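Q: I would like a close look at one part of the structure shown here. Please keep to one connected account.

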Amino acid sequence: MQQEIMFLKPFFQERLWGGTKLNTLYDYKIPNQNTGEAWVISAHKNGSSEIINGALKGKNLMQAWEEHPELFGGNPQDKEFPLLVKILDANDNLSVQVHPDDEYARNVENEEFGKTECWYVLDCEDDAEIILGHNAKSPLEFRKMVEEGKWGSLLQSVKVKKGDFFYVPSGTIHGIGKGIVILETQQNSDLTYRVYDYDRKDTNGVSRELHLDKAIDVTSYPDLREASDRIEKIMGDLHQTRLVQSQYFSVYHWKINGISRQSLLHNYLLVSVINGEGEIVIGDRSYDFKKGDNFILLASVDSYEIVGNAEFIVSHE
């Protein structure tokens with residue numbers, strides 16, 4: 001099986017807090033007015049992105065990972081595709097939540113991965129905020145503050161602007177606020193423990209399930225904030241900013257105006273086009289891209305050229 005680049009169609013998820021910005025900002029054909037998430041590069045069992053070019057057109061990324069490991073560098077150590085890239089439209093506040101680490105996910109949930117994630121703010125309203133962190137010193141204090149409804153004292157909030165980046169390790173209490181569109185790069189996990197959901201009810205008038213006991217189990221005490229120093233590098237007409245490098249993933253912001261020739265230094269590279277347009281040139285073949293496109297540069301690529309005026313979020317394991 002020979003394929004150099006894999007373009008993907010998002011898998012959409014309806015959410016109570018979703019809206020229509022995935023259509024207005026990225027021209028995605030969303031299924032309804034409450035579309036909260038586009039899983040743009042996903043090989044998860046709850047929603048795998050469809051391949052829309054090449055020999056595997058019509059299959060999904062999970063099938064490609066399982067059936068053609070050579071596309072991703074041979075014999076991957078991970079049983080499952082390690083990363084998941086989403087674009088989220090928070091038309092309302094998301095729940096206050098926390099995710100487990102790998103050990104807890106495997107021992108308690110029988111899942112391969114926990115969930116460390118990071119957020120790049122693509123768009124937001126004025127005065128938009130996220131919840132990131134808590135003020136409790138122990139599990140006992142955390143539970144007491146939750147039971148007494150002292151959310152203002154318990155939770156830490158941060159104002160955001162377009163272009164901000166946040167690293168959110170497993171064990172971090174967090175919540176994306178109303179009016180924010182983010183690109184999220186995360187471990188390939190769908191494990192979420194809700195702590196607070198603003199007393200909302202779903203379309204059937206039922207409150208969504210909370211998971212306080214598990215949330216208290218996996219939350220970090222005291223709250224720990226890991227810095228993610230940006231490192232910038234100029235490569236021809238390509239300006240690269242490394243946003244984070246962790247044991248789970250490395251994530252970059254790329255901005256190009258012109259031409260840049262690059263070598264593929266990893267088994268594969270996940271690329272989301274967040275602005276502009278251009279083309280990827282591999283040997284004697286070229287592939288057009290535009291804002292909203294998502295693709296994977298595969299292991300058969302030695303080098304490639306990026307031509308255009310565009311911005312990307314790029315990641316690898």
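Which residue is the bridge partner of valine 121 in β14?

A: The bridge partner of valine 121 in β14 is isoleucine 182. The model is a predicted one, in which local features need pLDDT of at least 70 and side-chain atom pairs count only at pLDDT 80 or more, while totals for chains, interfaces and linings use all residues. Residues are numbered from 1 along each chain as its sequence is written, and side-chain values use heavy atoms, with hydrogens and water left out.

Strands here are DSSP runs of E with at least two residues, helices are runs of H or I with at least four, and both are numbered from the N terminus. Two strands count as paired if DSSP finds at least two bridges between them.

β9 and β14 are part of an open sheet of six strands, ordered β2-β3-β7-β14-β9-β12, with antiparallel pairing. The edges are β2 (11-19) and β12 (165-168), each of which pairs on one side only. From one strand to the next the twist averages 25 degrees; axes are lines fitted to C-alpha atoms, for helices over the stretch in contact, and angles between N-to-C directions run from 0 to 180 degrees. In a regular strand the side chains alternate between the two faces of the sheet.

Glutamate 117 is found in β9. The residue is buried, with a relative accessible area of 2% (buried means under 20%, exposed over 50%, and partly exposed in between, using a 1.4 Å probe and protein chains only). Its side chain makes a polar contact of 2.8 Å with the side chain of histidine 99. Another polar contact, of 2.6 Å, links the side chains of glutamate 117 and tryptophan 119. A polar contact is a pair of N or O atoms within 3.5 Å; within protein, one must be able to donate a hydrogen and the other to accept it, and residues adjacent in sequence count only if both atoms are side-chain atoms. Leaving aside neighbours within four places in sequence, glutamate 117 is in contact (heavy atoms within 4.5 Å) with residues including Tyr167, Val168, Pro169, Glu184 and Phe249.

One of those residues, proline 169, is found in the loop between β12 and β13. Proline 169 counts as buried at 13% relative accessibility. The C-alpha atom of proline 169 is separated by 9.7 Å from that of serine 220, which is 51 residues apart along the chain. The peptide bond from tyrosine 221 to proline 222 is cis, with omega near -15 degrees. Proline 222 sits in the loop between α6 (212-218) and β16 (231-235).

Two cysteines come next. Cysteine 118 is buried at 1% relative accessibility, and cysteine 124 is buried at 19%. A disulfide is counted when two cysteine sulfur atoms are within 2.5 Å, and the structure holds zero of them.

Next, the loops on either side of β9. Asparagine 110 lies in the loop between α3 (102-109) and β9. Asparagine 110 has a positive phi of about 55 degrees although it is not a glycine, and this residue is exposed at 70% relative accessible area. Aspartate 127 is placed in the loop between β9 and β10 (129-134). Its phi is also positive, about 65 degrees, and aspartate 127 is not a glycine. At 60% relative accessibility, aspartate 127 is exposed.

Five of the six residues of β10 are buried, so the strand is largely enclosed by the rest of the structure. β10 pairs with β11 (residues 155-159) in the antiparallel sense over four bridges, and with β13 (residues 174-176) in the antiparallel sense over three bridges. Isoleucine 131 has serine 157 as its bridge partner in β11 and stands opposite glycine 175 in β13.
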